[in-house]
Amino acid sequence: MKCHRGQLIIILACLVVYSCTIFEKDFDNPVDFEANEEKGIGAPTLVFYPKSQTKTTSDSVVVGSFIVFKDDSSMEDFSGVHLQIIFPDSYLELDTIKPGLFITDTSNSMPLFTYTFDSVNTIDIYAYFLDTLKPDLLGTGHLADLVFNPTSTGSDSVSYHLNACEMIDHEDNVIVLKGDRGAEVIVQ
Amino acid sequence: MKKILQYFLFFFLGSLYSANLESTFLVLNHFDKFLPNADSSLIENFSNSSFEFDSTFNILFEDIDNHENPASSYMNTIKELGAKHKVNFILCNQIKHVNDRFMLEGQLFNTRSGGLIYRRKIDLTNYINGQINELSMWVGNVTGSVNDEWQKNRESILFRGSEDIEYKKTPMGAAMRSLVAPGWGQVYSDKKVSAGVWAGTESTLSLAVLISFLKYDVAAKSYKSNLKLYNETDDEKEVAKYRASAENNWDDHVTFSALAIAFAGATGTGWVANSIHAWIVGPRAYKNLYQKWDPKSPNTTG
C-alpha cells in the first residue's frame, strides 16, 4: 500500500513536470529576415517559399521566389533583379513561370518580366521595376512563382545560383546579395 | 462577597482524630471553586470532626516557594493555631483547577516547632469525584487511616492495565490522513488551528499550480497556433505579426511552466511536511499521570 502511494506521488510529480513541456522556439519562415539572420544568412536574401513541400506525382509543384530585406535603414533600394534558378530535372519539369506582385508598378501592370530556360535545369529570370512615381523598391516581396510538374518520385532542392544572380538600383549600381535559401521538394 | 462567590473560597476547618489518638490534626482546606460533598465526605471518612469556616487563614495558602525559608515561613501562626485548637499537626490542603486538570498541594506542619515537615504536590487529570478522592487519600495518608477503596477508585479510572488500553488514534493514523488530505490528520488529532493552516496553505498552493498550469496550457496552445500561422504565410507583415505573437506566447508558456513546477514542488513538499507534522502532533497516550508541579503555570486565583 505504501509502495502504491509512493508510485502515485511519483506519477503525479512526473505528470506535472512533463505536462509543462517547453517547446522549442522554432521560427524558420524563409520570408522572415530575423529567422534568416538567426541562421547566419544576411539580407538582402533570395529565398523560396515554402522551404519544404511534399507532393505526389499527380500534383503540381509551386515554388515562390522572394527577395527578403531587413526591416531597417541599412538596406538599399533596388529596381531590377536577375535570378538564376537551378531545379532537379531528374523528377521535375518546368511548367510555368508567373511574375510576382512585388515588382509590378502602381497600376498593377507588368513593367518588365522575362525569363530564359536552358531546357535542362536552369532558369534565368529578369525583372525590372518601371513605375512612374518612384524609381526603386525596398522591402520583402514576391518576385515570381515557378510551377513544376513531377515526372517521377524523388527528393532534392530548388536553389539559386547566387554568383549568377544580380540586383541593381535604377542607376545600374549593383546591390550585393548577402545570401540565399533553397527549397526542398519531395515527390512521393 | 462577590470575590467569595467568584472563586468560591471557603475554609474548612476541622479537628481530626486519627487512629492514633495521640496525634491530633487541624485541617485547613482551600479550594478555588466549590466542590460538592467535600465536607460531608471528609466527615464520613474521618470521624470525630468538627467544622468551622474562617477566612483569616489566607496567609497559609500563599505560595511558600517565594519565601526565603519555606519550611519555617509561618512558624508563629502555626504555633498559635496549634495552641488555640490544641492539635499536634496542621494540615493545609489546596486544590486549584486548570482546564481539565487539578492540582492538589498538601502541607503538614508540626505545631510544636511551627515548621513544615511534609509537603506533597499532585497534578492530575480530572476524574469522577477525583478531587474528593485525592483529598481523602492525602489526608488518610497523613493521618494513617487509608481506605483501600480510595486507591481502587483511583486505579480503576487512572491506572488501567496497559493490555486493556486501546489507542484508537495513533500518530501514524494522523500522518496517513494528512497524506490523503492536508489538515485531516491534524483535525483527527484535535489540532484545529494547524489543520486550518495546512489545509489553507495546501489549497492555495494547489490553486496556484492549477492556475499556472492552465495559463501555461493556454500560452502553449496559442504559441503552436501562431507558429502554424507564421509558417503558413508568405506575407511579410503577417509573418512579423505572428512571430511577435508567438514569441510572447512562448515567453508566457516558459514563465507559467516554471511557476507551475515551482508551485507543484512547494505543494508536494508542503504535503509531505504536513503529513510529518500530523505524525509529530498526532495523538499519543499519556505516559505520566503525575506531572511536575509548575507553580507559575496554574491560575492561582482563589
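**A walk through chains A and B**

Start in chain A and select strands β4 (residues 80–86) and β7: they run antiparallel, joined by 7 bridges. Keep in mind as you click around that this is a predicted model. To see one of the pairs, pick A:G80, whose bridge partner in β7(A) is A:Y128.

Now look at the other neighbour. Strand β6 (residues 112–117) of chain A is also antiparallel to β7(A), with 6 bridges between them. Here, A:T116 has A:D124 of β7(A) as its bridge partner. Follow the chain through the hairpin of β6(A) and β7(A): there are 4 residues between the strands, and A:S119 has a positive phi near 65°.

Stay on β7(A), residues 122–128, and show side chains. A:I123, A:I125 and A:A127 make up the covered face, while A:T122, A:D124, A:Y126 and A:Y128 sit on the uncovered one. Side chains in a regular strand alternate between the sheet's two faces.

Next, hop to chain B and select helix α3, residues 75–85. B:I78, B:L81 and B:G82 are buried there. Why do they share a side of α3(B)? Because the arc they cover around the axis is only 100°. Those buried residues pack against β2 (24–31), β4 (89–98) and β5 (101–110) of chain B. Just past the end of α3(B), B:K86 has a positive phi of about 55°.

Last stop: where the chains meet. Select the 19 residues of chain B that contact 20 residues of chain A. On the chain B side, α9(B) gives the largest share, 11 residues. By type, that side has 12 nonpolar, 4 polar and 3 charged residues.

Terms used: Residues are numbered from 1 along each chain as its sequence is written. Chains are lettered from A and ligands numbered from 1 in the order in which they are written. This is a predicted model: local features need pLDDT of at least 70, side-chain atom pairs count only at pLDDT 80 or more; totals for chains, interfaces and linings use all residues. Two residues are in contact if their C-beta atoms, placed from the backbone, lie within 7 Å. Helices (H or I, at least four residues) and strands (E, at least two) are DSSP runs, numbered from the N terminus. Ala, Val, Leu, Ile, Met, Phe, Trp, Tyr, Cys and Pro count as nonpolar, Asp, Glu, Lys and Arg as charged, and the others, Gly among them, as polar. A residue is buried if 20 or more other C-beta atoms lie within 10 Å of its own, exposed if 12 or fewer, and partly exposed in between; C-beta atoms are placed from the backbone. The arc is that of the directions from the helix axis to the C-beta atoms. Two strands pair if DSSP finds at least two bridges between them.
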